[in-house]
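Student: I have a chain open and would like to read it step by step. Can we go through it in questions and answers?

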Amino acid sequence: MDGGVGGGGAAGVASVCVLPPFLSKTYDVVDDPATDLIVSWGQGNKTFVVWNPQEFARDLLPKYFKHNNFSSFVRQLNTYGFRKVDMDRWEFANDGFLRGQKHLLKNINRRKPTHAYGHTKSVLQNPSVPSCVEEGNFGLEEEIERLKRDKNILIQELVELMQQQQQTIYHQLQAFSNRIQGIEQCQRQMLSLLAKVMHNKNNQSIPESSKKKRLSDEGVLDSENFQPSISKAAKSMLIQM
């Protein structure tokens with residue numbers, strides 16, 4: 001009697017589906033119109049695209065996931081069966097991740113770690129299993145594909161970081177070159193000004209008598225200085241006549 005009641009009570013308990021926080025938060029951040037410039041639904045509403053991974057990692061990951069590691073976020077997506085559908089951008093898809101159908105998230109399951117060695121060992125110990133069974137049936141192919149995706153993601157991130165570093169170095173060198181040109185121009189202006197000052201100072205320091213002597217030596221005299229010489233020459237000519 002008690003057993004029947006207990007069994008009926010257990011059967012009457014409704015199963016409650018609790019969504020993994022990662023899936024729920026990812027759906028919320030993608031579905032939020034305020035973040036469309038950083039992450040949004042893709043064309044057809046069956047994928048989502050991270051348009052700006054840098055801002056996504058800097059602004060959204062700490063807010064929703066308490067970290068700022070974009071690679072870790074991508075690995076989590078792979079763990080839940082998301083696949084990258086475009087090699088030129090960060091676009092991901094999953095059959096249970098559709099716009100306006102959040103209830104489908106319950107169909108997305110986290111992949112369990114593959115223990116290939118344990119499976120292979122059990123096959124070898126069980127003679128009823130055909131020896132021609134391929135390793136892929138035990139999850140090796142799936143694990144290899146996941147590792148390939150992770151490798152491609154890391155390579156793409158490395159390329160982007162190198163490009164950003166090159167741009168930063170170029171801008172720094174350009175700014176440094178502009179500063180050097182400005183300093184050189186300032187030096188030329190100062191030297192020109194100093195030369196003018198020295199020239200004016202030299203002209204002001206020459207005495208008046210020295211100026212007249214210099215002009216006399218150069219043969220540059222005014223008419224008054226020439227008159228005595230002219231008179232003497234005229235008198236000499238008259239005497240000879």
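This is a predicted model: local features need pLDDT of at least 70, side-chain atom pairs count only at pLDDT 80 or more; totals for chains, interfaces and linings use all residues.

Tutor: Residues are numbered from 1 along each chain as its sequence is written, and side-chain values use heavy atoms, with hydrogens and water left out.

Student: How many helices and strands does the secondary structure come to?

Tutor: Helices (H or I, at least four residues) and strands (E, at least two) are DSSP runs, numbered from the N terminus. Along the sequence they follow the pattern α-α-β-β-α-α-β-β-α-α-α-α. The total is eight helices and four strands.

Student: What percentage of the residues in the chain is buried?

Tutor: Buried means under 20% relative accessible area, exposed over 50%, and partly exposed in between (1.4 Å probe, protein chains only). The chain has 241 residues, and the buried part of them is 22%.

Student: Is Phe22 buried or exposed?

Tutor: Phe22 is found in helix H2. Its relative accessible area is 9%, so Phe22 is buried.

Student: Are the rings of Phe22 and Phe65 stacked, edge-to-face or tilted?

Tutor: Rings of Phe, Tyr and Trp (its six-membered ring) pair if their centres lie within 6.5 Å; planes under 30 degrees apart count as stacked, over 60 as edge-to-face and the rest as tilted. The count by this rule is 17 aromatic pairs. For Phe22 and Phe65 the centres are 5.5 Å apart and the planes stand at 45°, so the pair is tilted.

Student: How many residues apart in sequence are the parts that this pair ties together?

Tutor: Phe22 and Phe65 are both buried. Phe22 lies in H2 (residues 21–31) and Phe65 in helix H3, so the pair ties together parts whose separation in sequence is 43 residues.

Student: Where do Trp41 and Phe97 lie?

Tutor: Their ring centres are 5.3 Å apart with planes at 40°, so this pair is tilted. Both residues are buried. Trp41 lies in strand E1 (residues 39–41), and Phe97 in the loop between strand E4 (90–93) and helix H5 (116–125).

Student: Which ring does the charged end of Lys84 sit over?

Tutor: A charge sits over a ring if NZ of Lys or CZ of Arg is within 6 Å of the ring centre and within 35 degrees of the ring normal. The charged end of Lys84 is 5.0 Å from the centre, and the ring is that of Trp90.

Student: From which element does the largest share of the lining of the largest pocket come?

Tutor: A pocket is an open set of points on a 1 Å grid over the protein atoms alone, where a 1.4 Å probe fits, with protein on both sides within 12 Å along at least five of seven lines; lining residues have an atom within 4 Å of a point. Trp90 is one of the lining residues here. H3 (53–65) and helix H6 (140–205) each give two or more residues. The largest share, four residues, comes from H6.

Student: Is Lys66 buried or exposed?

Tutor: Lys66 lies in the loop between H3 and helix H4 (70–79). Its phi is positive, about 65°, although Lys66 is not a glycine. Its relative accessibility is 68%, so Lys66 counts as exposed.
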